[in-house]
Amino acid sequence: MSGDSGALGATNTPRALSGAGHKVIGAKHVRDGRPCQDDLRVEHAGDVTVVALADGHGSCVHADVGARLAVEVTVAALVAFIGNLRSEGRADVRSAHSFGNHPLRVQLVRAWAEAVREVGGADAKLMDYGSTLIFAVATPELLLLGQLGDGDILLVNAAGAVSRPIPTDPACFGEETPSLCLPEAWTSLRVLAMPLPDEETLVLLSTDGYGKSYASDQEFERIGPDYLQMVRELGLGGVAAHLEEFLTTVTHGGSGDDIALGLIYIPSAPSPVTEAPVSIPDPVEVAADEPAVETSPLEPGEAP
Amino acid sequence: MPKLPGGPLATRPLHFIFIADCSGSMAGDKIQALNHAIREAIPHMRDVARGNPNAEVLVRSVKFSAGAQWHQSQATNVEAFEWKDLSAGGMTDMGQALTLVAGTLKTPPMPERALPPVLVLVSDGEPTDDFDSGLRTLLAEPWGKKAVRLAIAIGEGARLDVLQRFIGHNELQPLQANNAEQLVRFIRWASTAVLQAASAPASQTQAAPAGVNVPLPPPPVAAPTDPNDVW
């Protein structure tokens, strides 16, 4: 059993937002001689923390490559996205939500497809590289979340209560999931922006191998307050040091699938945040209503 | 290591259901052969289950003749499962059997995190009730639709077109068992190769071929039939 030590670790940004993550190969994959097909990247760029996870479909011959490309292009695109918003003076929730749903969704899917063709050649079949995608970006102003396919995003507040800001996609059932490799995949990518919570918050992102290791959502969601308490006691770096053991234990005793877990810890705000929460449209409705238009990368000066 | 976060870990349940025709035409050699074939397959199912400890294989069975009933209603871990012999007599109320199975595939109690159920339908004849209604009820359940559905035709009198509709796609045809040896072989394949595939399914996109919920290994080729050993 091996983990991805390259992804392990935690660092603090000036706002003390911190991120960490880890992945392990599934117990079933070890038995079957298959590679780990989950991937994960944690990036700190100034005061921006990005975590991206991807789960390559076992039915795809290059699933591990598809997952790796997904997290690589996503992290790069999201760092650029926040940078562009800031250069335009639009690093607010409303702009992030608007630009996040369009054109970011299209850009991410397109960037992944282009990366696949760079690796696999112009004739590469996207279906051979299929993968899900989950990400979170935390800045001092906002939290931007995105999900395409199965897996879980949990928010844990200071009281230990768990919420799911992006509801489970009903298209995910059994082993079937929406994928980056499908036509119009961007319509399945749900993006949500919200103000950075004032209160202490832990964001957990995981591939489906974690959630499927419990008898119910309720049993799974108990990881939320447990990880939060552990972060308080050990710090995020201390928790990260245990993720290899935790995730290995979970895949052996649970689903047997690969597991990737990303964490972003948001400490309490030192002073009241002045920006009032904005009314955010339902991300699913936004996704369904938006036309599939060709877009250029978000540039300074582009109107929302 | 600190306490593991979260509730207790759980392997994923895999429900395996035999749906057996016990109509009058099955009486005699056919029902005896079916009992023997399933009984013979159980130890091999246990071997497959032990090879994948992340799946909990739960077995039960439905019988149909005049109406349909659970023959073994409790979903039982294959390690503890013992086959109880069936007896035959009556009609072929296959539709009611599918309705009965549909009831147990509802979510809840069937969890969404379960592995795809495996349904093995064995029949030698033509439905005498509303098969279409039963099939519709089964396929209306998400797990009915996502189940791995296999059909074994016993003898020449089975309605292959009906069994094909139960399977729901053309990637797999009903397995035609014309004698006891072939039946053993097909039941063994369903109980081992198919069970193994269903207990470790690869995640897939929504673009997978319609109805093919789990890619299956090819079924065994039926040995040449001895004209003196045919039902």
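Which residue in S10(A) is the bridge partner of Gly146(A)? I looked it up, and the partner is Val191(A).

**Ground rules.** I am working with a predicted model, where local features need pLDDT of at least 70, side-chain atom pairs count only at pLDDT 80 or more, and totals for chains, interfaces and linings use all residues. Residues are numbered from 1 along each chain as its sequence is written, while chains are lettered from A and ligands numbered from 1 in the order in which they are written.

**The sheet.** I took helices (H or I, at least four residues) and strands (E, at least two) as DSSP runs, numbered from the N terminus. Strands pair if DSSP finds at least two bridges between them. I found S6 (residues 142–148) of chain A pairing with S10(A) in the antiparallel sense over six bridges. Together, five strands of chain A make an open antiparallel sheet, ordered S3-S4-S5-S6-S10. S3 (38–45) and S10 (190–195) of chain A stand at the edges with a single partner strand each, so one side of each has no neighbour in the sheet.

**Helix H2.** I counted 25 residues in H2 (residues 63–87) of chain A. Its end-to-end C-alpha reach is 36 Å, close to the expected 36 Å (1.5 Å times one less than the number of residues).

**Two helices.** I saw that the axes of H2(A) and H3(A) come within 9 Å and cross at roughly 140 degrees (axes are lines fitted to C-alpha atoms, for helices over the stretch in contact; angles run from 0 to 180 degrees between N-to-C directions).
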